[in-house]
Amino acid sequence: MPSIATLEDLCREAGTTFILALFVDLNGKPCAKLVPATAAYELTASGAGFAGYAVGAMGQTPKDPDLVAVPDLSSFTPIPFVKDGLALVHCDPHVNGKPWPFAPRNILKAVLAQACDAGFEAWIGAEVEYFLLTRNADGSIATADASDNAARPCYDARGVTRMYDHLTEISTAMNTLGWSNYANDHEDGNGQFEQNFAYADALTTADRVITLRYLLSMIAETRGMIATFMPKPFGDRTGSGLHLHMSLTSGGAPVFPAVDADDRGLGLSPTAYSFIAGLLDHACALQAIIAPTVNSYKRTGATSTMSGASWAPRTPTYGGNDRTHYIRVPDDQRVELRGGDGSANPYLAVAAALGAGLDGIKRSADPDDAGASVSGRPTLPPTLLHAVDDLSADVVISGVLDAASDEPAVAAYFAQLKRDEFFAYHHGQVTPWEIDQYLTAF
């Protein structure tokens with residue numbers, strides 16, 4: 001996008017007639033007001049007002065003042081592939097003229113400022129996995145492509161071809177936006193796909209994950225399908241991840257590759273190993289943020305799938321180009337965090353992962369030897385409730401959630417939000433499993 005001074009100019013240049021002024025709540029729900037381009041000046045000058053309590057998980061009560069979404073013009077994104085003349089701009093929520101500390105984008109920006117103070121710039125690539133589904137007449141879900149029923153569907157050329165129109169429309173949209181889509185594939189579960197785009201600075205990538213989820217949802221809907229990022233919609237199929245590829249530069253120069261010989265054999269610098277150690281040390285607390293739903297733990301707890309592998313780590317280990325690890329090291333330029341899933345809020349996930357890694361660097365932490373048996377590290381939490389308890393006990397990851405706050409409150413709010421979510425699931429229903437297990441057992 002050329003450097004243009006005002007939102008009015010951006011709209012004029014792109015042929016935009018309406019703007020979605022968009023932000024997400026702590027759960028990742030996209031919230032927006034539809035603003036005519038004729039009101040672009042007012043949107044820039046005053047922002048778009050929202051009743052914050054009505055938004056959802058934003059730390060407000062009904063009596064609180066307006067949440068004002070202030071557009072970040074650098075994120076202006078024309079999306080005529082959804083509706084002709086439509087554009088989207090990511091916003092930073094404010095209250096009483098100050099950045100609202102419960103807003104995920106504000107939290108990530110605060111953590112990026114901390115990284116900058118430490119001398120680092122953060123770069124992130126994200127793998128967005130999702131299922132394409134339909135609803136049956138009885139409300140149950142089914143794979144949108146009825147012919148996608150192979151026992152080993154991953155990379156199946158026929159499955160990709162049957163979804164050609166959807167996949168190529170999304171690919172064309174990404175490339176039109178300058179994201180450099182470089183691959184589109186059928187993933188390991190029936191009905192599951194992944195569409196990759198180039199890495200960028202951390203904030204840009206987080207914005208793009210939100211934008212892509214929106215595009216996938218809306219474009220799938222035009223074909224009568226549901227695009228879902230739910231971690232585990234089917235008990236016997238592989239779940240959907242949000243894998244984050246992370247690297248740091250300092251003054252524009254990469255800091256992960258080894259300058260001298262690396263005795264561990266992965267080609268990484270001491271800084272990179274300390275970054276990995278931080279991720280491993282805080283892995284259990286991280287899971288509350290990068291796997292933030294009850295359903296997330298059906299994915300990480302899976303013992304088998306139709307294809308024979310869950311692709312979801314259960315222990316915080318690291319290694320080379322090995323997808324069974326929590327941290328995979330594909331090359332000397334980056335590390336891949338594989339614990340996150342499709343329900344993760346990308347702003348919070350990136351912020352928490354960076355916070356953990358930077359803490360490791362600050363402490364010059366050592367990740368021990370690579371491999372499946374790392375002594376002294378607990379297994380990942382088995383449920384959301386366990387993960388939230390780990391989060392509450394971890395001052396570093398809790399501190400990430402409070403990074404934009406003068407008085408820490410966000411971490412406690414988020415933890416209670418997730419405890420309430422767990423107990424709503426646990427106490428609020430009787431499942432078919434319970435009926436089968438207990439109805440005539442006694």
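Buried means under 20% relative accessible area, exposed over 50%, and partly exposed in between (1.4 Å probe, protein chains only). The model here is predicted, so local features need pLDDT of at least 70 and side-chain atom pairs count only at pLDDT 80 or more, while totals for chains, interfaces and linings use all residues. Residues are numbered from 1 along each chain as its sequence is written, and side-chain values use heavy atoms, with hydrogens and water left out.

**Exercise 1.** Find which parts the Arg162 and Asp145 pair ties together.

*Solution.* 
- The two side chains meet in a salt bridge at 2.5 Å, N to O.
- Arg162 sits in helix α5 and Asp145 in the loop between β9 and α5, so the pair links parts 17 residues apart in sequence. (Helices, H or I of at least four residues, and strands, E of at least two, are DSSP runs numbered from the N terminus.)
- Now accessibility: Arg162 is partly exposed at 40%, whereas Asp145 is buried at 10%.

**Exercise 2.** Look up the phi of Tyr155 and say where the residue lies.

*Solution.* 
- Phi of Tyr155 is positive, about 65 degrees, although Tyr155 is not a glycine.
- Most residues other than glycine have a negative phi.
- Tyr155 lies in the loop between β9 (141-143) and α5 (157-162).

Technical notes
Salt bridge = Lys/Arg side-chain N within 4 Å of Asp/Glu carboxyl O.
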